[in-house]
Amino acid sequence: MPYIKEIRLYKPGDEHGIVRLFKEIFGREMTLEEWRWKYTRPNSNKVYASLAADENGQIVAHYGGMPQHMVYNGKEIRAMAIGDVIVHPSFRGTKLFKKVAELLPIVSVQDGFILGYGFPNERAMKLPEKLGVYEKVEDVWESAKEPQFKNDHVRLMYKMFPLSYDDSRIDTLWESLKNDIKISIIRDREYLKWRYKNHLLFTYELWGIKKRWERKLTGMVVLRRDGENLLLIDFLCPLRQLSAVFQKTENYAFVSGFKNLKLWHPEYLNPKLNAMGFYVSKTATCIPRTTHPACLKKDEIKGKFFYTMGDTDFL
């Protein structure tokens with residue numbers, strides 16, 4: 001009978017066993033380059049992952065954490081986006097998951113992280129919630145609509161244009177909004193370059209929106225083409241400008257021939273999106289928090305987390 005030899009934190013070289021396990025379970029090869037992109041951020045000198053190895057030293061369970069710089073009530077915090085949670089079928093049902101999943105938060109809290117979160121589907125959420133490792137915070141919402149072209153004052157007043165990831169106006173826009181957002185990843189140039197420009201699986205488009213007579217950004221959007229769907233992967237703008245930014249994006253989707261425009265967003269944006277003609281519905285995905293006592297509590301997060309499709313690692 002196979003048995004677990006050790007449960008421990010990542011050490012250099014484990015990435016080879018991690019990508020091997022990933023391919024065996026998910027059927028898709030994660031290259032070492034992709035692994036490094038996810039887990040070795042430029043400003044972090046430490047890989048955050050816990051794992052289990054069998055009697056032969058093979059990695060049979062993995063619980064990964066991607067460090068994120070975020071804001072919480074106007075202050076910068078360190079947070080951990082959980083991903084690539086894997087347990088080999090030979091070891092499921094042994095409570096191995098709980099042991100592996102509880103190890104990483106202990107270490108991350110010691111390093112100053114105060115939030116661990118993810119985007120599991122309902123099926124993946126059942127076990128960690130039952131074991132008390134996760135606590136559901138809120139549902140993830142999706143809005144979708146068939147694009148229509150609007151030829152009105154917004155089309156005349158605003159310009160939508162390709163935006164360079166090096167454009168300093170990105171940081172200026174973020175700085176102007178960060179105190180109005182309760183909890184969010186810091187959406188500055190460094191983050192956008194890492195998340196979108198340097199992504200190894202998908203190609204994204206970064207667009208700026210501004211008033212035609214001004215230089216400063218009104219907002220920005222990140223888009224991804226997915227067949228007949230245009231995915232509004234990420235966006236940033238003042239709430240009062242959300243309608244204008246989305247209308248310019250919808251016009252772009254229409255003239256580009258897309259059948260649907262889709263996005264993910266927190267529940268507090270539902271009324272605004274309904275008013276813009278989007279069909280709003282719950283997805284089969286939710287946001288949980290890791291339950292370490294030193295981490296933010298559910299009532300400190302619920303209804304405050306600004307997220308988009310771009311906050312996940314799979315879209």
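Trainee: In which sense do strand 3 and strand 4 pair, and over how many bridges?

Mentor: Remember that this is a predicted model. Strand 3 and strand 4 pair in the antiparallel sense, over 11 bridges.

Trainee: How many residues lie between strand 3 and strand 4 in their hairpin?

Mentor: There are 2 residues between the strands. N73 sits in that turn, with a positive phi of about 50 degrees.

Trainee: How should I read a positive phi?

Mentor: Start from the general rule. Most residues other than glycine have a negative phi. Now the case here. N73 is not a glycine, and its phi is near 50 degrees. N73 belongs to the loop between strand 3 (59-72) and strand 4 (75-87). With a relative accessibility of 43%, N73 counts as partly exposed.

Trainee: Is D84 buried or exposed?

Mentor: D84 counts as buried, because its relative accessibility is 11% and the cut-off for buried is under 20%.

Trainee: Back to strand 3. What else does strand 3 pair with?

Mentor: Take strand 2 (residues 48-54). Strand 2 and strand 3 are antiparallel, with 6 bridges. A49 faces G64 of strand 3. Then take strand 8 (residues 183-185). Strand 8 pairs with strand 3 over 3 bridges, again in the antiparallel sense. There, V71 has S184 as its bridge partner.

Trainee: How many of the residues of strand 3 are buried?

Mentor: First, the general idea. In a regular strand the side chains alternate between the two faces of the sheet. Here, strand 3 is mostly covered, with 13 of its 14 residues buried.

Trainee: What does the hairpin of strand 2 and strand 3 look like?

Mentor: This hairpin has 4 residues between the strands. G57 takes a positive phi there, near 85 degrees. N56 is placed in the loop between strand 2 and strand 3. N56 is exposed, because its relative accessible area is 58%.

Trainee: How far apart are N56 and P2, in sequence and in space?

Mentor: In sequence, N56 and P2 are 54 residues apart. In space, their C-alpha atoms are 9.0 Å apart.

Trainee: Now a residue in another strand. Where is S143, and is S143 buried or exposed?

Mentor: S143 is found in strand 6 (residues 134-145). S143 counts as buried, because its relative accessibility is 0%.

Trainee: What does the side chain of S143 touch?

Mentor: The S143 side chain makes a polar contact with the side chain of H265, at 2.7 Å. Leaving aside neighbours within four places in sequence, S143 is in contact with residues including L261, L263, L273, F278 and V280.

Trainee: How do I read salt bridges?

Mentor: Side chains of opposite charge can pair when their charged atoms come close. This structure holds 20 salt bridges. One of them joins R8 and E6, with the closest N and O atoms 3.0 Å apart. R8 is buried, with a relative accessible area of 15%. E6 counts as partly exposed at 31% relative accessibility.

Trainee: Which residues are linked with R8 in a network of salt bridges?

Mentor: E6 and D14 are linked with R8 in that network.

Trainee: Which parts does the salt bridge of R189 and D171 tie together?

Mentor: The closest N and O atoms of R189 and D171 are 2.8 Å apart. R189 lies in helix 7 (residues 189-197) and D171 in helix 6 (residues 169-177), so the pair ties together parts that are 18 residues apart in sequence. R189 is partly exposed, with a relative accessible area of 25%. D171 counts as partly exposed too, at 22% relative accessibility.

Trainee: What about K178?

Mentor: K178 forms a salt bridge with E175, and the closest N and O atoms are 2.9 Å apart. E175 counts as partly exposed, at 44% relative accessibility.

Trainee: Last topic, the surface. Which residues make the nonpolar patch of about 290 Å²?

Mentor: F149, F254 and V255 make that patch. F254 is found in helix 8 (residues 242-255). At 40% relative accessibility, F254 counts as partly exposed.

Key
Residues numbered from 1 in each chain as written. Predicted model: local features only at pLDDT ≥ 70, side-chain atom pairs only at ≥ 80, totals over all residues. Heavy atoms only, no water. Buried < 20%, exposed > 50% of the residue type's maximum accessible area, 1.4 Å probe, protein only. Polar contact = N/O pair within 3.5 Å; in protein donor to acceptor, adjacent residues only side chain to side chain. Contact = heavy atoms within 4.5 Å. Patch = residues over 30% accessible without salt bridge, like charges linked within 9 Å, V, L, I, M, F, W, Y side chains within 5 Å. Areas by Shrake-Rupley, 256 points an atom, 1.4 Å probe, with all protein chains shown as cover. Salt bridge = Lys/Arg side-chain N within 4 Å of Asp/Glu carboxyl O. Pairing = 2+ DSSP bridges.
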